[in-house]
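Me: I have a model open and would like to go through one of its sites. Could you take my questions in turn?
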Amino acid sequence: MSESCFICNKHNGDIQTSGVKIYEDEFVYVGHIDKGGKPSYLGHIMIDLKRHAPSLGDMTMDEAKAFGVIMARVSKALKETEKAEHIYAAVSGNSVPHLHMHIIPRFPNTPEAYWGAWEVYDWPEAPFGKNPEIIQVCEQIKSYLEETSYE
Ligand SMILES: [Zn+2]
């Protein structure tokens with residue numbers, strides 16, 4: 001835990017972000033991307049490691065298992081509940097040195113010129129929403145995760 005870390009502070013409930021918590025266990029925390037009140041690309045999900053560690057290569061194997069499983073489950077949820085046709089994933093860490101993975105859906109009819117984890121944002125018809133829509137997406141994914149098992 002690092003007191004100056006945005007992600008640690010979010011996990012502790014010290015700062016409020018868009019949407020609602022989708023999932024949390026001993027190892028991982030899942031929520032929607034936060035754009036500081038500006039409209040967000042709907043379904044852009046963040047999977048955070050609970051522990052303050054910077055990169056994919058810093059995980060213990062127990063953390064890695066939990067991270068991999070939730071990555072797959074959230075991706076399935078986006079396909080089922082948000083009708084995503086493809087899922088992009090990215091880990092950067094340039095701005096916050098606390099492992100977090102971006103899970104970004106691509107929706108049907110997205111022109112190929114906008115295919116890519118960051119490119120989908122530039123499609124003029126991409127679904128953007130503010131907090132009420134973000135909360136709705138979070139609740140749908142949360143319900144899907146609660147209703148489906150690991151197997
Ligand atoms: Zn942290």
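Me: What should I know about the model and its numbering?
Reply: The model is predicted, so local features need pLDDT of at least 70, side-chain atom pairs count only at pLDDT 80 or more, and totals for chains, interfaces and linings use all residues. Residues are numbered from 1 along each chain as its sequence is written, and side-chain values use heavy atoms, with hydrogens and water left out.

Me: Which atoms coordinate the zinc ion?
Reply: The donors are C5 (SG), C8 (SG), H52 (ND1) and H98 (ND1), at 2.0 to 2.3 Å. Donors are N, O and S atoms within 2.8 Å of the metal (3.2 Å for Na, K and Ca); water is not among the atoms, so sites may look incomplete.

Me: What is the spacing of the donor residues in sequence?
Reply: The pattern is C-x2-C-x43-H-x45-H.

Me: And what is the arrangement around the zinc ion?
Reply: It is tetrahedral, because the four donor atoms subtend angles of 106 to 115°; the term requires all angles of four donors to lie between 85 and 135 degrees.

Me: Is H98 buried or exposed?
Reply: H98 is buried, with a relative accessible area of 0%, and C8 is also buried at 4%, whereas H52 is partly exposed at 27%. Buried means under 20%, exposed over 50%, and partly exposed in between (1.4 Å probe, protein chains only).

Me: How far apart are the C-alpha atoms of H98 and C8?
Reply: They are separated by 8.1 Å, although the residues are 90 apart along the chain.

Conventions
Four donors count as tetrahedral if all angles lie between 85 and 135 degrees; four count as square planar and six as octahedral if opposite donors are over 155 degrees apart and all others between 65 and 115; anything else is irregular.
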